[in-house]
Amino acid sequence: MRSFEYHRPQSVADALALLRANEAAKLLAGGQSLLPVMKLDLAAPSDVVSLAGLRDLKAIRSEGNTLVIGALATHDEVAHSAEVRRRIPALAGLAGGIGDAQVRNRGTIGGSVAHADPSADYPSAVVALGATVETDRRRIAADDFFLGFFQSALEPDEIVTAVHFPVPERAGYAKFPHPASKYAVAGVFVARTGGGIRVAVTGAGPRVFRLTALESALASNFSPSAVTEGMVDPGDLRQGGEASPEYLAHLVTVMAKRAIQACL
Ligand SMILES: Cc1cc2nc3c(=O)[nH]c(=O)nc-3n(C[C@H](O)[C@H](O)[C@H](O)COP(=O)(O)OP(=O)(O)OC[C@H]3O[C@@H](n4cnc5c(N)ncnc54)[C@H](O)[C@@H]3O)c2cc1C
């Protein structure tokens, strides 16, 4: 790991000023994705701007029919939050299934969405629940946020401050975890809301994506029997990984059935 300057600002404004003053600066939240890439020399920031002093960004609260989770809430805090468990139990379950205890105690929801890892769990919930990512300057709809492989709509100097989740009528998540890391080899989040049904897949593709064929089928038959093998095109899935695209396509259908079952 290369040497760097460490900063611990006490406000979002100060964090932004540090980012703007140092072009090669990086934000640090839980460090569970940034530190491994720095250790591998895949990132070498001149300055590391810790968000640890921004305690306000840890809050979890309800605003009417929306659950607002501060960017610095750890996976463990989301998993154990009474509010999350009461309003979107599938989201609490998802957070509780991330990595191991150390990762859950350090890693944050803001860091996870900003990193846009194609195998991360949260992006599937953000997309399926039609969430909105709040930053220091705007709100970004889930469908516009995850743009590609480790690529989000965030500007280099933009800070995620919270994620707003509309509370669904029912939701369920199922993943086939990688046996070592627990990242999703394939994960499916299903949400039924007053506005319709949304299904998002993580792990299997180059980025999180919606399974619109299944969304349509579930509209008339909300049961695992709505899932068919032909709904997932292996050509759209990750090539050259540990699992073949055909195997991933099958895994997605199995996880989809489990996620729907969890909603019933
Ligand atoms: C062994 C291991 C197992 C794991 N298993 C899983 C798993 O099963 N499922 C899963 O989903 N994830 C898994 N992870 C990843 C973990 O969830 C990370 O915590 C998460 O991806 C990143 O969150 P962080 O708070 O640690 O962010 P950091 O590592 O601190 O930052 C990640 C990136 O996001 C940027 N960033 C951080 N916070 C913000 C913000 N508020 N605004 C803008 N940019 C920001 C940083 O600059 C950096 O580029 C695993 C990690 C490890 C090490």
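Visitor: Where does methionine 1 lie?
Guide: This is a predicted model. Look for strand E1, which spans 5-7. Methionine 1 lies in the segment before strand E1.

Visitor: Is methionine 1 buried or exposed?
Guide: The relative accessible area of methionine 1 is 53%. Exposed means over 50%. Therefore methionine 1 counts as exposed.

Visitor: What kind of surface patch do Met1, Phe4, Tyr6 and Leu35 form?
Guide: Together these four have about 380 Å² of accessible area. Met1, Phe4, Tyr6 and Leu35 form a patch that is nonpolar.

Visitor: Where is threonine 108 found?
Guide: Helix H6 covers 101-106, and helix H7 covers 109-115. Threonine 108 is found in the loop between helix H6 and helix H7.

Visitor: Why is threonine 108 called buried?
Guide: Buried means under 20% relative accessible area. Among the residues threonine 108 touches are Ala29, Leu72 and His75. Threonine 108 is buried because its relative accessible area is 6%.

Visitor: How many aromatic pairs are there?
Guide: Rings pair if their centres lie within 6.5 Å. By this rule, the count of aromatic pairs is 3.

Visitor: What type of pair do phenylalanine 145 and phenylalanine 146 make?
Guide: Their ring centres are 4.9 Å apart. Planes over 60 degrees apart count as edge-to-face. The planes here stand at 80°, so the pair is edge-to-face.

Visitor: Are phenylalanine 145 and phenylalanine 146 buried or exposed?
Guide: Take phenylalanine 145: it is buried. Phenylalanine 146 is also buried.

Visitor: Which residue lies over the face of phenylalanine 222?
Guide: Start at the ring centre of phenylalanine 222. At 4.9 Å from that centre lies arginine 192.

Note on methods. Residues numbered from 1 in each chain as written. Predicted model: local features only at pLDDT ≥ 70, side-chain atom pairs only at ≥ 80, totals over all residues. Heavy atoms only, no water. Phe/Tyr/Trp six-rings, centres within 6.5 Å; stacked < 30°, edge-to-face > 60°. Buried < 20%, exposed > 50% of the residue type's maximum accessible area, 1.4 Å probe, protein only. Lys NZ or Arg CZ within 6 Å of the ring centre and 35° of its normal. Helix = DSSP H or I, 4+ residues; strand = E, 2+ residues; numbered from the N terminus. Contact = heavy atoms within 4.5 Å. Patch = residues over 30% accessible without salt bridge, like charges linked within 9 Å, V, L, I, M, F, W, Y side chains within 5 Å. Areas by Shrake-Rupley, 256 points an atom, 1.4 Å probe, with all protein chains shown as cover. Salt bridge = Lys/Arg side-chain N within 4 Å of Asp/Glu carboxyl O. Lists of a residue's contacts leave out its neighbours within four places in sequence.
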